[in-house]
Amino acid sequence: MDPVRNPYAPGAGQRPPELAGRGRELDVFDVVLERIARGRPERSLMLTGLRGVGKTVLLNTLRSQAINHLWGSGKIEARPDQSLRRPIAAALHMAVRELAPRHRAPDRIDAFLGVLKAFAQRSAPAGRAGTAPKLRDRWQPGIDVPAATGRADSGDIEIDLVELLSDAATVAADVGTGIAIFIDEMQDVGDEDVSALCAACHELSQLGAPLIVVGAGLPHLPAVLSAAKSYSERLFRYQRIDRLDRIAADRALCAPAEREQVEYEPKALDLLYESSGGYPYFVQAYGKATWDHAPRSPITDADVRVAAPEAEAELAVGFFGSRFERATPAEREYMRAMATLSLVEGDAGGRDDMDAAVPTAEIARALGRKPASLSPARDALIKKGLIYSGERGTVAFTVPHFGRYLRTQPA
């Protein structure tokens, strides 16, 4: 097979050649956009799932839908220990710039940009004894209007964000459209900023304002939001993004191949689904390796068997290994215990992917330690995005098949 014509694309956030199995999510978002455009009440949207299921790809696709509906849009990626002010200001600046050419009153745009500038600059740390911040701490958001005063500049992120998003929604309403802000890795937004974001979405929903937030994060994102505001369970529409079913996985492989006049034998598709588990990133990785090793069409199960070790080796280095290397020795010990116990829990629950949640008390017992002594390792792994706590007293890997990978590694 010609490797230049290989259609598969295993990459972080890289859209696959065939976005299979996500039709329902795309249809739901189309309805959301249309309802808001007609002044109907609608909730912001949160996508949750493990790493490698295509949350970022779906988030980017939803943004493209918003742009096709002539909405203003902006996207950010949350980072631990980073304030939301600057990135949210940059995203809103981009969104309003998309709407500005259609607005009849340029002074209204300038007025909003002044508020946006005031909001963004409020994040600059104050100097000692009331002096101005140092030059390296100053940040100019690239807005050629003076910063407004008395609006979105109180220093209280919750007050300021409510005022800023309300003003942005007014600009969108003037144009007869909406604004959508897309936030990836949303579980990494700080506690104070999450609370402010929930409060702003709550205010916007009560006003029926044409601005929504679309977030994507790990499976514990709903718990993060609920801890910030108790009403967040009713504030957002949650959509769990999971692995592909067999039909969708076959389509993700076959549709791009057919466009290159290549076919798969049924047994090859059986083996590819068994190897990938239906996780979109793995489907692309195994598909790419199989294409490169197959001598001709149709692709057979023998071709898959020959290619599988290469796909697994690449995943071991780029997908699993890079994450494992970020962990300290104590954290690796914790994860190894998790991996052993997740196999037992997965067998007991009849799961075929062996990614079961593990009670933290069982991990402590396996390591012969008190649970409290393992809290630093557990908390660090959660902060690094390697594990998550979906339910109180349990932890699970954020990466599919990570336990299986760890069980193959020497202690």
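**Cavities and cores**

Let's start with a hole inside the protein: helix H6 gives the largest share of the lining of the largest cavity, 3 residues. Keep in mind as you look around that this is a predicted model.

How big is that space? The largest cavity has a volume of about 130 Å³. In its lining there are 14 residues, and those closest to the centre are Glu42, Leu204, Ser205, Ala209 and Leu211. Two elements each give two or more residues to this lining: helix H6, which runs over 191-207, and strand E4, at 211-217. Sorted by class, the lining has 8 nonpolar, 3 polar and 3 charged residues.

Among the residues that line it are Ile76, Arg79, Leu84, Pro87, Asp188 and Asp193. This lining divides into 5 nonpolar, 3 polar and 4 charged residues.

Now for the parts where side chains come together. In soluble globular proteins, nonpolar side chains tend to be buried together. Here, the largest nonpolar core has 79 residues, and those that touch the most other members include Phe29, Leu62, Tyr264 and Ile363. Helix H12, residues 301-325, gives this core its largest share, 8 residues.

Which residues is isoleucine 363 in contact with, leaving aside neighbours within four places in sequence? They are Tyr334, Ala337, Met338, Leu341, Val358, Leu374 and Val395.

Finally, a second, separate core has 53 residues, including Met46, Ala89, Val96 and Ala196.

How values were computed
Residues numbered from 1 in each chain as written. Predicted model: local features only at pLDDT ≥ 70, side-chain atom pairs only at ≥ 80, totals over all residues. Heavy atoms only, no water. 1 Å grid on protein atoms, 1.4 Å probe; cavity = no way out; pocket = protein on both sides within 12 Å on 5 of 7 lines; lining within 4 Å. Points joined across faces, edges and corners; volume = space filled by probe spheres on them. Helix = DSSP H or I, 4+ residues; strand = E, 2+ residues; numbered from the N terminus. Nonpolar A, V, L, I, M, F, W, Y, C, P; charged D, E, K, R; others polar. Core = buried A, V, L, I, M, F, W, Y, C linked by side-chain atoms within 4.5 Å. Buried < 20%, exposed > 50% of the residue type's maximum accessible area, 1.4 Å probe, protein only. Contact = heavy atoms within 4.5 Å.
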